[in-house]
Amino acid sequence: MADVKIAAESRTEFGKGAARRTRRAGRVPAVLYGRGTDPVHLSFDTVEFAAVMRENGRNAVLTVTGVGSDQLALTKSVVRDPIKGFIEHVDLVTIKRGEKVQVDVRVVTLGEAAAGTLVFQNEDTLSIEADALNIPEEITVVIDEAGIGTQFLAGEIRLPDGATLLSDPELLVVNVTEAPTEDEMEEEIDAEGAGVEEDAPEDEAAEDSESGSSPEAAEGATSDETSDES
């Protein structure tokens, strides 16, 4: 993975209010952490940084320019808005060429398991150590024709050259089980439907309570609205 140049600007305002103003101005608040030095508060152009994330993944290596001498850095944390998905904040750490870094890498499955099976992926990422400029974008688990009962443990998965596993070798990553029959699926659907019926309100009073039309619910709503305005 080659490093990507990206221009940054220094930030002099801190806190939630300042971060919101930075985002409204079309920039992403960021902090660059170094060894033995104070954190540097930065911001990146929102569109440019989002493009870097799309093209280089969660472990993008960046050459940060525009704030003193160029700094080679690894993205360690990218915080996104849980609803709208935009990038709220970024943490980066300085690195050196040839240095080994610890990262979490996405796990993907390749191929089709045997007929009559169901594949469960228990882990989305694995922790590895790799060269800072040779971080794999993903780790592949080949499940082609895997039969019922096949399990792929972290220690059995082939890693890219130069990478070392940090996760527990006994960690179950992918599990191949027997697919349920049609009858079993229908029974499960019927059981779920029965559970919904049991949870349904027994009378109109219960329905009113669920919809928040009771005096207590209205009082709580008023209290919440006042809290939001403050």
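**View 1. Threonine 22 is buried, at 16% relative accessible area.** Buried means under 20% relative accessible area, exposed over 50% and partly exposed in between, taken with a 1.4 Å probe and protein chains only. What you are looking at is a predicted model: local features need pLDDT of at least 70, side-chain atom pairs count only at pLDDT 80 or more, and totals for chains, interfaces and linings use all residues. Residues are numbered from 1 along each chain as its sequence is written, and side-chain values use heavy atoms, with hydrogens and water left out. Threonine 22 sits in helix α1. Helices (H or I, at least four residues) and strands (E, at least two) are DSSP runs, numbered from the N terminus. Leaving aside residues up to four places away in sequence, threonine 22 touches Arg11, Arg27, Val28, Pro29 and Ser43; a contact here means heavy atoms within 4.5 Å.

**View 2. Helix α1 covers residues 16-24 and has Ala18, Ala19 and Thr22 buried.** Look down the axis of α1 and its buried residues fall within an arc of 100 degrees, so they line one face of the helix. That arc is taken from the directions from the helix axis to the C-beta atoms. On the face turned away from the buried side, α1 carries the exposed residues Lys16 and Arg24. What do the buried residues of α1 pack against? They pack against β2 (27-34) and β3 (37-45). Just after α1 comes glycine 26, with a positive phi of about 85 degrees.

**View 3. β6 (residues 87-94) pairs with β2 in the parallel sense and runs antiparallel to β5 (residues 71-80).** Two strands pair if DSSP finds at least two bridges between them. There are four bridges between β2 and β6, and leucine 32 has leucine 92 in β6 as its bridge partner. Seven bridges join β5 to β6, with leucine 74 standing opposite valine 93 in β6. β5 and β6 make a hairpin with six residues between them, and glycine 85 in the turn has a positive phi of about 85 degrees. As a bit of background, strands of a sheet pair through backbone hydrogen bonds, either parallel or antiparallel.

**View 4. Phenylalanine 44 and phenylalanine 49 form a stacked aromatic pair.** How many aromatic pairs does the count come to? It comes to one. Rings of Phe, Tyr and Trp (its six-membered ring) pair if their centres lie within 6.5 Å; planes under 30 degrees apart count as stacked, over 60 as edge-to-face and the rest as tilted. For phenylalanine 44 and phenylalanine 49, the values are 5.3 Å centre to centre and 25 degrees between the planes. Phenylalanine 44 is buried, and phenylalanine 49 is too.

**View 5. Strand β9 (residues 125-131) pairs with β7 and with β12.** With β7 (residues 100-110), β9 pairs in the antiparallel sense over seven bridges. Here valine 101 has alanine 130 in β9 as its bridge partner. The pairing of β9 with β12 (residues 164-165) is antiparallel as well, over two bridges. In that pairing, isoleucine 128 stands opposite leucine 165 in β12.

**View 6. Three strands form an open sheet in the order β8-β13-β11, with antiparallel pairing.** β8 (117-121) and β11 stand at the edges with a single partner strand each, so one side of each has no neighbour in the sheet. From one strand to the next, the twist averages 10 degrees; the axes are lines fitted to C-alpha atoms (for helices, over the stretch in contact), and angles run from 0 to 180 degrees between N-to-C directions. Three bridges join β11 to β13 (residues 172-178), and phenylalanine 152 has valine 174 in β13 as its bridge partner.

**View 7. Glutamate 145 lies in the loop between β10 (138-142) and β11 (151-153).** Is glutamate 145 buried or exposed? Glutamate 145 is exposed, with a relative accessible area of 58%. Its phi is near 65 degrees, a positive value in a residue other than glycine.

**View 8. Zooming out, the chain has five helices and 13 strands.** Of its 230 residues, 30% are buried. Take the contacts between residues at least 6 apart in sequence, and 61% of them join residues at least 24 apart. The accessible surface of the chain comes to about 14600 Å², of which 47% belongs to carbon and sulfur atoms. Accessible areas come from the Shrake-Rupley method with a 1.4 Å probe, and for residues only the protein chains shown count as cover.
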